[in-house]
Amino acid sequence: MVQIHNQKEDFGSIFIKAISYFCIACFALACLFPFVLMISSSFMNEQEIIREGYKLIPSEFSLKAYEMLINNSTALYKAYGVTIFITVVGTALGLFMMSMAGFVLNRKDFKYRNFFAFLIYFTTLFAGGLIPSYILMVKYLHLKDSLFAMILPGVVGAWSIFLMRNFMKAIPDSLYESATIDGAGDFMIYWRIFIPLAIPSLATVGLFSALGFWNEWYNGMLYIQTPDKYPLQYFLQRMINQTNVQALINQGVVIDAGELPTQSIKMATAVLATGPIILLYPFLQRYFITGLTIGAVKG
Amino acid sequence: MDVITKVKLHSGNIVQEVLKNKVLFLMLSPVILYFIIFHYLVMPGAYVAFVDYNISKGIFGSDFIGLKNFEFLIKNGDLWNITKNTFLYNFVFLALGNVIQIVFAIMLSEIAAKWFKKITQSVLLLPHFISMVIVGVFAYNLFNYNTGFINTMLTSLGLERYEFYSDPGIWVYIIVAFKIWSATGYGMIVYLATITGINHDLYEAAYMDGASRWQRIRYMTLPMLKPTFILLLLFGLGGILKGSFDLFYNLIGTNSVLYPHTDIIDTYVFRSLVGQFNFSMGAAVGFYQSLFGLLLVLTVNLIVRKIEPDSALF
């Protein structure tokens, strides 16, 4: 609620405020707790974990899990490479396709825009389902074990297209008209006039799209068979579920299996897989909030 | 005669339009092609639910068996169990989730300290941006039998370890808790945006008239949030058979002990594909889910149009 200045605070007011501060603070702590626990667990000594379990405050600070990961795990580097690749290619491709579509669908001189908008919209109402999609991807498009199996299904979203179209509504039509009079073609108008003006919308949609690719694991699990092509999150998931962590770590270095810090490595991998998001989050969350608020208003 | 001229004229228009705006058509075509291939070509594939799928024969070459797949699913009770689970989970997510989001949005709007507001808002939103795989790691970190944090606490208090991963009942609460944990920040901001949009003068006036803070919340803020709440609730109802596969799979995985209380439509379909290679059975469930989803959205949209014509989607 908007604050009203210079008001006399009665008891009820103070009570509501106090409760608000308390509950929000508690929930914020609950939101942070698993992250903190994960990070501190990753710095634990393996013997201590096995003896006493994961703790919030380890009695001994150990970097062993990270050392192991950084020195031995080419598999982890490959997973990072795959994730960076699908994130960059997927986001760039998606932004290009979606911004063009949004641009066209907003053009009032484009007669069939409502028809095409409905064609896109209808897919959010009815879907063929997982199994027909799987058969299409594997049997007809031959995308099994291809990196494009992780890029294509998420490259374009109906919601993002409408978000972009709505952003473009704010750009005055007279700009297009004057550009047309100056002899610019449609693509030129899009590229030279529209794109520079639409950077905030591109940033919002691009961030959400990049985040989706960064967190991608599902299509990796469905379609990817070669461990070298696992995306980061799927690599992590396999590591958590697998008791034999060593299988996922480069076999080149001889390690005593008993000394392998299995439990702390799981948490260290999780930290490294989350890392970039946590580091970028303070800078990006402004865009996230803008995107959420705009997305909340009907796409 | 009439029809023929109409069609001719119409097609003439399309050709003319394409020629006139060929660049625009070209620019739109990647996205349209994408939707045709990845969405519209998939739709007839739902036919696989009505055949006895044989990989070498393909979808349309396999033997047609009609509704046998559905019959089997109903008879063995699977369909009922996963529908019930999906429905109940989503209903709780929706009802409890929205109430908590509203309460938190109001509480956050009552807070005066800007720094506190900013920090907590960011922190509450953080779980939304984490992959569900990481959430699965959190669950493992907290609940696993040998090294989990909760069991560490229990043993240090001199209590018995608890075997979370073999007790289906407790996962109902854990799943709901994680869902609320990850969704509250997001929903809260949607409601907060509505509250921020309320005219400040109204609150001033209410204050002048002697309304207490509680009265202003009760008689002003809450009613103003009602349309957003109803809209989100109704559209949530439209998707009530769509599961949060990400969440369930990463928390439960392939631990079949927990299925009675944690199996939802999406995890079932996934298993029929990956574990059992039972394409037709999985497709039957998927088709049932999609069809019901469509019918629900249409019904809900009809209701929205009655209550709030401006908010209806079509």
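Modeller: Helix H13 of chain B, residues 265-274, is mostly covered, for eight of its ten residues are buried, where buried means under 20% relative accessible area, exposed means over 50% and partly exposed lies in between, with a 1.4 Å probe and protein chains only. The buried residues of H13(B) are B:Ile265, B:Thr267, B:Tyr268, B:Val269, B:Phe270, B:Arg271, B:Ser272 and B:Leu273. The model is predicted, with local features needing pLDDT of at least 70 and side-chain atom pairs counting only at pLDDT 80 or more, whereas totals for chains, interfaces and linings use all residues. Residues are numbered from 1 along each chain as its sequence is written, chains are lettered from A and ligands numbered from 1 in the order in which they are written, and side-chain values use heavy atoms, with hydrogens and water left out.

Around that helix, chain B contains 14 helices and two strands, both taken as DSSP runs numbered from the N terminus (H or I, at least four residues, for helices; E, at least two, for strands). Of the 314 residues in chain B, 49% are buried. Its radius of gyration is 26 Å, while a compact globule of 314 residues would be near 20 Å; the radius is taken over C-alpha atoms, and the globule rule is 2.2 Å times the number of residues to the power 0.38. Along the principal axes, the C-alpha atoms of chain B fill a box of roughly 75 × 60 × 35 Å. Counting as contacts heavy atoms within 4.5 Å, 64% of those in chain B between residues at least 6 apart in sequence join residues at least 24 apart.

Chain A has 14 helices and zero strands, and 52% of its 299 residues are buried. Among the contacts of chain A between residues at least 6 apart in sequence, 71% join residues at least 24 apart. The mean pLDDT of chain A is 84, with 88% of its residues reaching 70 or more; pLDDT is the predictor's confidence in each residue, from 0 to 100. Over residues 250-254 of chain A, however, the pLDDT is below 50, and this stretch has five contacts in the model beyond near neighbours in sequence. Where pLDDT is low, the predicted coordinates should not be read in detail.

One place where chain A touches chain B is A:Tyr140, which is in contact with B:Gly58 and B:Ile59 as well as A:Ile135, leaving aside its neighbours within four places in sequence. A:Tyr140 lies in helix H6 of chain A, residues 130-140, and is partly exposed, with a relative accessible area of 44%. The loop between H6 and helix H7 (148-151) of chain A holds A:His142, and A:Asp145 is found in the loop between H6 and H7 too. Phi of A:His142 is near 50°, a positive value in a residue other than glycine, and A:Asp145, also not a glycine, has a positive phi of about 65°. A:His142 is exposed, with a relative accessible area of 62%, whereas A:Asp145 is buried, at 17%.
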